[in-house]
Amino acid sequence: MVMRVVALAGNPNVGKTTIFNDLTGMRQHVGNWPGVTVEKKEGVFEHKGERFLVVDLPGTYSLTAHSIDELVARNFLLNGNPDVVVNVVDATAVLRNLYLTMEIFEMGLKNIIIALNKVDLAEKKGIRIDPVKMSKALGVPVVPLNAKEGAGLDELKDKIWEMAHGKIKTNPVLPRYDPEVEREIEHISKCLEGTELAKRYPLRWLAIKLLQRDDEAMKLVLRHLGEDKLKEIMTHIGEAEARYGRAMDLIIASQKYEFIDGLTHEFMGHGKVKETLTDQLDKILVHPVYGFIVMAFVFYLVFKLVFTFGFPLQGILDDAFGRLGEWVAPHIANEALRGLVVDGIISGVGSVLSFFPLVFLLFLALSFLEDIGYMARVAVLMEGILRKFGLPGKAIIPLILGLGCNVPAVMATRTLDKEKDRLVAMFVNPFIPCSARLSVISFLVGTFFGGNALVALAIYLLAFAVALLSAKLVSRFVPGEESPFVIELPEFLLPSWKSLILHSWERSKEFVQKAGTVILVGSIIIWYLSNYPVPIGTGNSYAEKLGHLLEPYLRLMGLDWKAGVSLIFGIIAKENVISTYSILYGGLSGDALKEAMMSSMTPLQGFVLAVVTTLYIPCIATIGAIRAESNWKWALAVTVYMITVASIVGIFIWQVGTALGL
Amino acid sequence: MNMIVPLLSLAPNERGVVVDLMGGSNFRSRLYAMGLAPGAVVKVLGNYPRGPLIVEVSGTRIALGRGMAARVLVRKL
């Protein structure tokens, strides 16, 4: 039997995701809406022996054609034929939440249930809502919920079941506008009557959208009824606006709110408004001085959590796969096959899975900050600074995380709301020196500059400067308009752990699936280069030959073939740059390796090597992550761009340095 | 005398009624959806130099860029 479809709609920050998780539990699937990078979550729940498919629509404040999230939600409501729409409404902000509700009602949908969430919080704020009266005023069932405790969930399921079986009659109230506006709506509806569009869309909705000059509605008229009809309607609207002296959408919006305000008087009362904890916290958290101090501390904690727990776990998994390799090796007689399985496949899969704890912890920390409401404060604090470089305020989070590891940092760009912002932020992230590069930088600075921290700092500053300037450059070429900065600062609310863990688990799983192939293939290629036709160290492996091939180019920045080989291996993991040198110097390590390198390279060459290692390419896992979060082309573009930038910077430093006689 | 001024010029704890939004349709529709439609009462919570303006409107807190706040006209209460 075909499952009945339940759509979950609502504003951001209303607890929609928690309700989704409470309804569906582990039986959910995260993917993308077809053709766009908007996350689509679907899940299944069972009630009274029947299975329902729940589709979690993107959280939106309205259903205009201006943002892809809103279009996705709107198109699903219009064309997805949901059997029941559950509209989650935040009891602490009913007026604004009902704006979306009215838009949904105006679409002509009938099977709607209002899930009134955060009722307890509203009471604390002195807001009293009578659900029975609210239901009467709106003409649809209202189920009060406390998503955090799961209260009211059974009643919601009952209502969904009843509605899906046609046992509930609804009569959604439609906003009424001033007589003049109503006349315009009627006039346009008449123009569309009897046409192709009238069969497919509710006329009142279409008329209102046209009055608001909605792009998609205009396209519909153009496509189905032709240019003349569209012109006729738009001319009419233009005349009406000239009479009013202001845009029609402005009039409609303000009258819609008036109508909602009138409705709320029937079921909502205000007690004394008390200052909440959030009000007090916000005096500190978005303050231009204290806010930054708190932010630095919060980031420090996230960093600590992700990396102090993540790295040891990564090490344990790495070791486990190493041991698995050792255990498997003796069982494979064929030497080439053994190499492929042990050094290529097992270590490749191992390195994919070893990122799992890091990515999981990162998502846990970020989801926590997002759900508790802190992320919005960060966006406010950093907006002024980062916007100058074409990035939104929230992009500070991936930038900081990049210092630990760029893989989770690239994944963290998901928290940015606009596709354009995500693309730019993940493009520049690999420039941020991760902890693997820290080991290379500190080794080289230790070798050539006696461990002078200022030299290391200079490299870090250079890397950040390159990242920010690149963001400024790239943001000009990525399509998508700069969105006006306006965000909600939600009430602070402890998130539900179940929801957090589910969410992080799904995200991490997705990472392993998507980035996994890239990392695996990369590992096999590098294994092949270093073992064929003869093992590395003999001077005749493909890796070394490649190094020699690159030498004329590297000479421009004062580096030799050894650097070439090392940089190739660095693609797998940046810390390999030093261990490759160790192999090329016949297995020297520690102080012996330092001495050997010092005797064959000048400090300037050492500096160039450190800078180039920092900038030259995303490691294979980061490339995999970028591909997972965007597409192949973008991952390739980042790679080519970084190689170019590293070459320019490397050549510049070497040429200027030698000219200055350094 | 109730003056019509940009929202940006309000100091913390001052209130105003939105009378007009001076911007393109994308700008306007984003703001209505967040509750900033003509007729709405807005209270400024924070107005720090260079940072976004923080306001309370219809029971919710929102932050909006200074450029945007300059284009929201309010009648001071």
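**Note on the contact between chains A and B**

1. The contact between the two chains takes 27 residues from chain A and 31 residues from chain B. It should be kept in mind throughout that this is a predicted model.

2. On the side of chain A that touches chain B, at least two residues each are supplied by α3 (94–106), α11 (248–264), α16 (374–386) and β10 (486–488) of chain A. Of the elements on this side, α11(A) gives the most, with six residues. By residue class, the side of chain A that touches chain B divides into 15 nonpolar, six polar and six charged residues.

3. What is the order of the strands in the open sheet? Seven strands form the sheet, and they follow one another as β10(A)-β5(B)-β4(B)-β3(B)-β2(B)-β6(B)-β1(B), with antiparallel pairing. The edge strands are β10 of chain A and β1 (4–6) of chain B, each of which pairs on one side only. From one strand to the next, the twist averages 40°.

4. At the edge formed by β1 of chain B, three bridges join β1(B) to strand β6 (residues 72–76) of chain B, and these strands run antiparallel. Here V5(B) stands opposite V74(B) in β6(B).

How values were computed
Residues numbered from 1 in each chain as written. Chains lettered and ligands numbered in written order. Predicted model: local features only at pLDDT ≥ 70, side-chain atom pairs only at ≥ 80, totals over all residues. Contact = placed C-beta atoms within 7 Å. Helix = DSSP H or I, 4+ residues; strand = E, 2+ residues; numbered from the N terminus. Nonpolar A, V, L, I, M, F, W, Y, C, P; charged D, E, K, R; others polar. Pairing = 2+ DSSP bridges. Axes fitted to C-alpha atoms, helices over the stretch in contact; angles between N-to-C directions.
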